[in-house]
Amino acid sequence: MPVVQAHPAGTPTWYDLTTTAPEATKAFYTALFGWAFEDYGPALGHYHRARKDGQEVAGLVPASPGMPSAWTVYFSSDDAQADAGHIRERGGSVMVEPMQVMELGHMLVAADPTGAVFGMWQPLDFHGFTVADEHGAPTWQEIVTRDSGRALDFYTGLLNLQSEQVPGDVTYHMLQRSGTNVVGIMQMDDAHWPASIPAHWMPYFAVSDVHATVQLVPTSGGTVSVPPFETPYGTIAVLNDPGGAVFSVVQLPA
């Protein structure tokens, strides 16, 4: 099991899910990934930490009235207050100002200049997911946006990452830290993405068998948005959970 020891500043550190259907959604992810949930109680709005075989993988919180179901990708920060200023300087907006969450850490939620929502996490006692690239664990994340050039400028500057364009028909950039791929930026076009779909971050979870996982989705209360398809990076499917939140699963190459 690839245990994650640290999350350097500017790299993904946590995913969490705001959901309109918490009980059905917990059962769904338990069926697909084998997650177990711990409820932090009313003091933290019944925020749940999800674990896989005892390792931290993601968070879940019931949505406030009027909020949609959605996953949020968080990036590690050395200074959340400073990053809030950097976000504004680069054309983004801060939706939730930096705040301390008990002794766990400091968080903020923001939107980039193209409208995609993301978070920053400055750790104290809690450092984020502790396992990656295993069944039911985080493995990749990408922003899907109609202005990839603007997103590229924003995130390379904010997160201190380098970029490399991937050859192919779709405009896609890998953002890298010291030569290691960290996140992707995908350009949306009108042919494949309806105009109603806004810019968003897409979390990917690894699965041992993508076809077997997809077969579990309808009986567990979810829907399959995009059936499994082959890529150089593995077999991918795009799914919706019972609350409607979108995420991807990928069976990594052997």
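This is a predicted model: local features need pLDDT of at least 70, side-chain atom pairs count only at pLDDT 80 or more; totals for chains, interfaces and linings use all residues.
Where does M102 lie? M102 sits in the loop that links β6 (93-101) to β7 (105-111).

**Loop residues**

M102 isn't a glycine, yet its phi is positive, at about 50 degrees. Its relative accessible area is 48%, which makes M102 partly exposed. D53 is another non-glycine with a positive phi, this one about 55 degrees. You'll find D53 in the loop between β3 (48-52) and β4 (55-62). With a relative accessible area of 60%, D53 counts as exposed, because the cut-off for that label is over 50%.

Then there's A132, in the loop between β8 (117-123) and β9 (138-145). A132 is buried, at a relative accessible area of 11%.

| Residue | Relative accessible area | Class |
|---|---|---|
| M102 | 48% | partly exposed |
| D53 | 60% | exposed |
| A132 | 11% | buried |

**The cores**

Which residues touch the most other members of the largest nonpolar core? That would be W71, F118, Y155 and F247, in a core of 49 residues. Helix α3 (residues 148-159) is the top contributor, giving six residues to this core.

Leaving out residues up to four places away in sequence, Y155 touches D112, A116, F118, I143, N160, L175 and W201. One of these partners, F118, is also on the list of core residues that touch the most other members.

**A helix pair**

Now for α1 and α4. Packed helices are described by the angle between their axes and the distance between those axes. For α1 (residues 22-33) and α4 (residues 210-219), the axes come within 9 Å and cross at roughly 155 degrees. The two are therefore roughly antiparallel to each other, since angles over 145 degrees get that label. The crossing of α1 past α4 is right-handed.

What meets what at this contact? From α1 come F28, A31 and L32, and from α4 come T213, L216 and V217. By type, the residues of this contact are five nonpolar and one polar, with no charged ones.

How values were computed
Residues are numbered from 1 along each chain as its sequence is written. Side-chain values use heavy atoms; hydrogens and water are left out. A nonpolar core is a set of buried Ala, Val, Leu, Ile, Met, Phe, Trp, Tyr and Cys residues joined through side-chain atoms within 4.5 Å. Buried means under 20% relative accessible area, exposed over 50%, partly exposed in between (1.4 Å probe, protein chains only). Helices (H or I, at least four residues) and strands (E, at least two) are DSSP runs, numbered from the N terminus. Contact means heavy atoms within 4.5 Å. Axes are lines fitted to C-alpha atoms, for helices over the stretch in contact, and angles run from 0 to 180 degrees between N-to-C directions. Angles under 35 degrees count as roughly parallel, over 145 as roughly antiparallel, 65 to 115 as roughly perpendicular and the rest as oblique. A crossing is left-handed if the near helix is turned anticlockwise from the far one by less than a right angle, and right-handed if clockwise. Ala, Val, Leu, Ile, Met, Phe, Trp, Tyr, Cys and Pro count as nonpolar, Asp, Glu, Lys and Arg as charged, and the others, Gly among them, as polar.
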